[in-house]
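Could you walk me through the salt bridges and aromatic pairs in this one? I'd like to follow along with the structure open.

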Amino acid sequence: MIRFALFVLMLLIVSCAHHRDVRPGADGVHRVQIQTDDVESSTRDAISQANHYCKQKNQEAAFIQEEQKYTGDMDEQSYKAAKRATTVAKTVGGAVWVFGGRKESTIGGLAGLGGMVGDAALGKGYTVEMRFKCQ
């Protein structure tokens, strides 16, 4: 059973596309668009996906335009404050669970759960988009 589970896991890992967010353009200008809450790592991911896409064509990515913008439902400052609050809730919840006793672990678990629920409710407030050509 364990071997089968490992086989399925490996199959899933191998089958994942390395450029899942690339949208080919009819005019030769392609784009990568990623919804995120971490602009820095998503920018690196978008560049990596574009490079991989072009590498499969034995070409290199030439970037035309790069844009990171806030696209969330609430104003950006409120979004950032709420994200910080969920991070604190997760951290406090985890610390209470690790260092606490039985009573405290319930409180810590609830605080950690509050952080996770807050993250899900806030969603991914930023969009990273890059336009590129393969040359």
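Start in helix H3, which covers residues 76-99: Lys-80 and Glu-76 sit four residues apart there, so about one helical turn separates them. (Helices are DSSP runs of H or I with at least four residues, strands are runs of E with at least two, and both are numbered from the N terminus.) Lys-80 makes a salt bridge with Glu-76, with the closest N and O atoms 3.9 Å apart. A salt bridge here means a side-chain nitrogen of Lys or Arg within 4 Å of a carboxyl oxygen of Asp or Glu. Lys-80 is partly exposed at 33% relative accessible area, and Glu-76 is partly exposed too, at 29%. As for those words, buried means under 20% relative accessible area, exposed means over 50%, and partly exposed is in between (1.4 Å probe, protein chains only).

Before going on, keep in mind that this is a predicted model, where local features need pLDDT of at least 70 and side-chain atom pairs count only at pLDDT 80 or more, while totals for chains, interfaces and linings use all residues. Residues are numbered from 1 along each chain as its sequence is written, and side-chain values use heavy atoms, leaving out hydrogens and water.

The structure has seven salt bridges. Another one sits in helix H2, where Glu-40 pairs with Arg-44, again four residues apart, about one turn of the helix. Their closest N and O atoms are 3.6 Å apart. Glu-40 is exposed at 58%, and so is Arg-44 at 52%.

Which partner does Arg-20 reach? Arg-20 bridges to Asp-45, with the closest N and O atoms 3.1 Å apart. This pair links distant parts of the chain: Arg-20 is in the loop between helix H1 and strand S1, and Asp-45 is in helix H2, 25 residues apart.

Rings of Phe, Tyr and Trp (its six-membered ring) pair if their centres lie within 6.5 Å; planes under 30 degrees apart are stacked, over 60 edge-to-face, and the rest tilted. Tyr-53 and Phe-132 have centres 6.1 Å apart and planes at 80°, so they are edge-to-face. Tyr-53 lies in helix H2 and Phe-132 in strand S4, so the pair ties together parts 79 residues apart in sequence. Both are buried, and Tyr-53, Phe-63 and Phe-132 form one aromatic cluster.
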